[in-house]
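Hello,

Here is the structure I promised to hand over. Please look through it before reading my notes.

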Amino acid sequence: MNATAQPFQFVTAAYLTRIENQRAMTIAELLASLGQASDAAIFYHTFQTLGQHHFLTEGFSNDFAQWVLASLNQPTLAERLANIDIRDYVSIAELRADLRHIVAEFCDSYPKQADQSAFEPFYFCQTLEVTRPLPWDAKTLAGFRAGLERLSHASFYYHFVASRLRLQLRTNDFSHWFEQSLGLPELATRADRIDIYINTIDTARRELIELVDREIIQ
Amino acid sequence: MIATPETVPISLDHYVPLLGAAEIEELRTLAGPLEGCVVDMVNSTAVGGGVAEILMRLLPLARELGLDARWHVMEGGPEFYEITKAFHNALHGSVGNFRPSDFEIFLDYNRRNRARMPLDGRFVVIHDPQPAAFIETRPLAKKQTWIWRCHIDLSRPDPPVWNFLKPFVSRYDGAIFSSPEFSRQLPIPQYLFYPSIDPLSDKNRELDADYIEDVLVRFGIDPRRTILTQVSRFDRLKDPLGVLRAYRIVKRYFDCQLVLAGGGASDDPEGSAVLAEVREAAGNDPDVFILELPPSDPLEVNALQRGSTVVIQKSLREGFGLTVAEALWKKKPVVASAVGGIPTQVIHKHTGLLAHSVEGTAYQIRFLLAHPDIAQRLGEQGHEHVRENFLITGNLKRYLTLFLHEDR
């Protein structure tokens, strides 16, 4: 397989959590806070939390859904919030709008429940990201495979999940490189179909390695 | 003379079998730009207490990564420690009765200790309230970042003490809290660093099955029967009587034994009273084991946790509650109260089960005993949760990230 002129630069990412001076005790307050929270806070409670809880492969989606279920016992709203798939979003503004829409519908339909106090408040936090290039890159698919095996969970998450917002595309760093630099659009599509909600980072990585292996054999 | 405390020499390579080489390599990559960077850490005790335990193990790892991490310990007389103990309780919510001279003594010890410590590092991390006033003499000309690391729960502080400390805290470049719930409204950035456990410490490391069985048998516990365990000091806020009531409900449905293991009764009059109450309530039940263990015996606590079928943490109020992370690391199914930092560790129905009452606790235990496959899955997911979020290597990574962020 030929080497590409545009190597894939593996990066490591570390995330610092900053506590915001903002909290919600009811669903109505959550709705108000969703409008005021920073983009970094919406990112933290949706994208980032998936990385922190990647080992949960059944029913965990985002912090909002988890809080509505565990602290307010509102399974219907929790299910609707959990159904938000971050892979559908390339901007926080769109994601925020959809979250607000779902919560606002609930508040309109069930005003009493919207004012019910939670067992525990929802504390807004935000993510600060620090990245560093790793001391290896990939010019071929075989080199990519070797690099993939050396990635930490945070690095894999950075390239495979958080990348959508950075690229502003409905894809991930790996697929983007397969398609743009290696000219392998089918591999790109198959890689992007790996479901991060029902996989852990380790099983998602294994699936990706299998796809790459098959491509190398072909 | 400033004390230079002992640290525990454990290499990062020792963590590779537990975490994988990639996670350790990532730490080395992140630390690259911080090579030679001086970090001064200050706390009030070299031995005993959670902060000393953390620093003892954290600093050698930071040094291995190339940081020049230094540990300074305050020195104080009995009057200082009496006042800071009272401050500690007041910050946790007890109502204190302070004289103006108490605040003066506090400041006097801060100034005297500060004068003896050359805190000229790029980063200065001050742990807890005891040395918080060191910030008064921060050299403004020097490029430094001063961080206040608060290990205690500030959610309901006694106003006089918090009003005294807040102006000092507000002068730092940032503050670190163990949970969003423990933080205060402050004009400085506040960061979230979860408390952490060390998987290689005696309290958490892997143990031989034979040793676990020996410990259980030595205490008279039958390793072949179901064991429910709560490890906590004998304190009303840990609700040992509530645990006993929950056990009695469970016992109607399942044959089981209850272990209540903890220390803190011998040197604490309230602890002794609680221990006596628990013993009386347990009566002659041969399946209830009330064990007063010294904190110097972490291996026995480790063995009791590992030998348990279900671990309980039925606190009425809690700090972060790291005994939960200890149990989860050992892949134990946990039933715990939804208070303090516990819901961060026990994600309901994912990494354990939460309860809000004695009856709820009993129900969740019964559920786990009836569904061992679910109990096993919760334990395994709990282990992964701890690996990802509550280990000492994660704590180190958070410090590196904070320093890199500040150094931009």
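Below are my notes on the chain contact and on the domains.

This is a predicted model: local features need pLDDT of at least 70, side-chain atom pairs count only at pLDDT 80 or more, and totals for chains, interfaces and linings use all residues. Residues are numbered from 1 along each chain as its sequence is written, while chains are lettered from A and ligands numbered from 1 in the order in which they are written.

**Chain A against chain B**

Chain A gives 27 residues to the contact, and chain B gives 33 residues. (Contact: C-beta atoms, placed from the backbone, within 7 Å.) On chain A, the elements giving two or more residues are strand S1 (8-24), helix H3 (63-70), strand S2 (122-138) and helix H8 (153-167). (Helices, H or I, at least four residues, and strands, E, at least two, are DSSP runs numbered from the N terminus.) S1(A) supplies the largest share, eight residues.

S1(A) also pairs with strand S6 (residues 190-192) of chain B. The sense is antiparallel, over three bridges. (Pairing: DSSP finds at least two bridges between the strands.) A:Thr17 stands opposite B:Leu192 in S6(B).

**Inside chain A**

Chain A is divided into domain 1 (14-126) and domain 2 (136-217). (The bounds come from an automatic or database domain assignment.) The C-alpha centres of these two domains lie 28 Å apart. In their contact, 13 residues of domain 1 meet 16 residues of domain 2. Helix H2 (residues 39-52) of chain A gives the largest share of the domain 1 side, three residues.

Best wishes

Conventions:
Contact = placed C-beta atoms within 7 Å.
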